[in-house]
Each structure stands twice: as structure tokens, then as C-alpha cells.
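This briefing accompanies the sequence and structure shown below. Please keep both in view while reading.

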Amino acid sequence: MSIMRFSFAVPAVLAIWVAGAALAYGQHEQYPGDAQKEQASAAPDLKPDAEGNLSQEQMQQLFRVVADKDIENDKHLRDYTYIERDEEHKLDGKGDVKSTDAKTYEVMELYGEQVQRLIEKDDKALDAEDSAKEEKKIQKIIDKRKNESEDVRRKRQQKEEKDREEGRKFVREVADAYNFRLVGTESLGGRDAWVIDAEPRPGYEPHMKEAKFLPKFHGRVWIDKDEAQWAKMDIECIDTVSLGWFLARVHKGSRIVVEQTRVNDEVWLPKHVAVKVDVRVALLREFNVNEEQTYRDYKKFRATARIVGVGGQEK
């Protein structure tokens with residue numbers, strides 16, 4: 001799935017695992033053609049061996065199907081508006097909550113860019129001043145995209161394609177970094193799901209510097225059996241990870257759980273994200289944070305929908 005769906009303040013390597021694990025064996029150099037799509041979407045042969053295990057080849061086939069479906073999910077997401085609520089709990093040294101902050105957003109697509117409009121703080125509607133600031137922010141995005149020159153648009157699209165290509169390279173690293181193993185089935189939201197573990201592969205040597213963190217994470221993914229969609233992921237840091245110029249350290253035990261839900265019988269979209277992260281920056285300041293995101297009220301754009309700017313003027 002596109003990791004840009006999630007806006008929580010969590011170290012990038014945790015987010016990368018979510019995207020990479022779902023696409024580990026499924027990303028193509030470009031979107032597949034009709035023949036490729038038909039082959040990729042075919043139901044995988046998941047007949048286990050005498051000991052109940054699946055081969056690595058079967059796992060690869062399963063993840064190809066899951067990945068192609070997730071690409072379609074990402075396309076469909078652009079057809080929806082929805083409400084996102086972010087809640088952050090800052091913890092003290094004993095793990096007790098010392099402060100809580102909640103923000104609620106309306107998420108929409110404007111000229112190909114997904115944007116957030118803040119609508120509530122701590123579950124209370126914004127005052128007039130803050131509401132006006134949000135409207136001004138949205139109007140600025142509308143004006144920028146509406147008046148964007150062809151040259152600027154082309155450069156932006158080229159950068160987006162370059163980023164996607166880097167993502168494809170990273171995905172191949174994920175495929176090399178992990179062994180995937182079927183551990184059973186579970187009922188999730190009233191639906192049967194395969195339960196699959198991902199453990200670091202011994203002897204893995206990264207080709208990209210961004211991939212050097214991968215052996216320090218492991219996780220579990222739930223795949224819906226009827227639709228071959230990933231329904232849940234649970235990723236955990238199993239060793240200290242050092243990040244960036246600021247010498248940030250993500251400590252062992254940091255964890256993220258991501259859940260998706262079926263919407264309109266056509267697409268699987270985010271439902272809930274829970275993050276527990278312990279980070280020390282520059283060996284001086286430590287952040288111990290629990291975050292939760294919930295997504296609701298998915299509404300599909302109508303074909304006749306128009307973008308409306310500040311003051312109700314159609315754009």
C-alpha cells in the first residue's frame with residue numbers, strides 16, 4: 001500500500017516496513033498490462049505440505065496477488081474523502097500517560113494532491129480564527145495547483161516517478177531481507193485470514209543504505225483468504241536502530257499495528273493504526289509516545305463534484 005496514507009509522527013523505517021512487507025514479492029517495474037494483471041490476480045495455489053507449511057514459491061505468488069490488489073486500493077483511495085482522527089499520548093519514564101493531544105481532519109484530494117483540513121482539536125470544533133487559517137491553507141493549495149505551469153507540473157511528476165522507482169528498488173530489498181512463513185488462519189472482523197510471519201533472513205546483505213535497518217524488524221501480516229487483501233500488519237523493532245544526522249535511536253520494542261477494512265465492496269482502506277515508539281534524539285532527549293489513528297466516514301466523490309474554494313467560489 002502507499003505509505004503516504006499515514007501521517008503519524010513515527011520513524012520512517014517503521015512506515016517503510018509496512019509498505020515493503022505488503023509489496024515484498026509483488027511490485028513491478030511499471031503497472032502491469034491486462035495479461036499480467038490476469039495472471040497476477042489468479043488465485044494462488046496455497047495447498048500446504050504434509051507439515052502444513054507453504055513453500056517460498058507459494059508465498060511469492062500470494063504476495064504478488066496481494067501487491068497488485070494493493071496498488072488498485074491506492075488508486076481507489078483517491079476517489080474518497082474521509083475523516084482521520086489522530087491521538088497522541090506522551091508517556092513518562094514509568095510508561096504512564098502525562099499528556100494527550102487529539103486532532104481530527106477531513107482528508108480530500110485536490111488536483112492530484114491529498115490534503116488534510118483540520119476540523120477538531122481534542123474533539124472540539126475549531127474556533128473562528130483557527131478555522132479561517134485552515135480555509136486559507138486549502139485555498140493556497142487550490143490556487144497553487146490551478147495556476148501550475150506545464151513545466152512545473154512535469155517536473156513534479158518526474159520527481160514523483162523517481163520516488164516511485166526508488167520505492168521499487170527498496171521493495172526488492174525487502175524480498176531479500178525476510179523469510180515468510182504461514183503460521184495458520186484466524187478470523188479477523190468475521191472473515192478468515194491467513195496469518196504469515198516475516199523474520200529477518202540470515203546472511204542478508206543490503207544493496208541500498210536505506211535497507212540496512214530491515215534485519216532489525218520482524219512482523220506478522222494477516223491476508224484475507226477470500227479476496228487476497230492484506231487486512232492487518234503488526235511490526236516490531238527487535239534491536240536498536242540509529243537514524244539520520246541527529247543520531248536518533250529507535251529502541252527495541254517499538255511497534256506499529258495497522259488494520260484495513262473493506263469499503264463499498266470494492267476496496268480495502270485504512271481503519272486503525274496504533275504506534276508505540278521509544279526514540280532518543282542526539283543521546284539527550286527521549287521521546288516515549290503512543291499514537292493512534294482511526295479512519296471513518298469514507299465517502300466516494302461523485303462524478304459531478306466540483307472543488308469549492310473559500311467563499312464558495314467554484315474552481
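The model is predicted. Strand β1 is largely enclosed by the rest of the structure, because 9 of its 12 residues are buried. The buried residues of helix α4 line one face of the helix, since they fall within an arc of 155 degrees when seen down its axis.

**Strand pair**
- Strand β1 covers residues 80-91.
- Strand β2 (residues 97-110) runs antiparallel to β1, and 10 bridges join the two.
- Within this pair, K90 stands opposite S99 in β2.

**Nonpolar cores**
- The largest nonpolar core has 44 residues, of which Y178, I196, I223 and Y298 touch the most other members.
- Leaving aside residues up to four places away in sequence, Y298 touches L77, Y80, T81, Y82, V263, L269 and P270.
- A second, separate core has 6 residues, among them M108, L110, V115 and I138.

**Helix α4**
- Helix α4 comprises 19 residues (residues 128-146); at 1.5 Å a residue it should span 27 Å, and this agrees with its end C-alpha atoms, which are 27 Å apart.
- The buried residues of α4 include E134, I138, Q139, I141, I142 and R145.
- On the other side of α4, the residues A128, E129, K133, K136, K140 and K144 are exposed.
- The N-terminal end of α4 is capped by D127, with a side-chain oxygen 3.3 Å from the backbone nitrogen of E129.

Conventions:
Residues numbered from 1 in each chain as written. Predicted model: local features only at pLDDT ≥ 70, side-chain atom pairs only at ≥ 80, totals over all residues. Heavy atoms only, no water. Buried < 20%, exposed > 50% of the residue type's maximum accessible area, 1.4 Å probe, protein only. Helix = DSSP H or I, 4+ residues; strand = E, 2+ residues; numbered from the N terminus. Pairing = 2+ DSSP bridges. Core = buried A, V, L, I, M, F, W, Y, C linked by side-chain atoms within 4.5 Å. Contact = heavy atoms within 4.5 Å. Expected span 1.5 Å × (residues − 1). Arc of directions from axis to C-beta. Polar contact = N/O pair within 3.5 Å; in protein donor to acceptor, adjacent residues only side chain to side chain.
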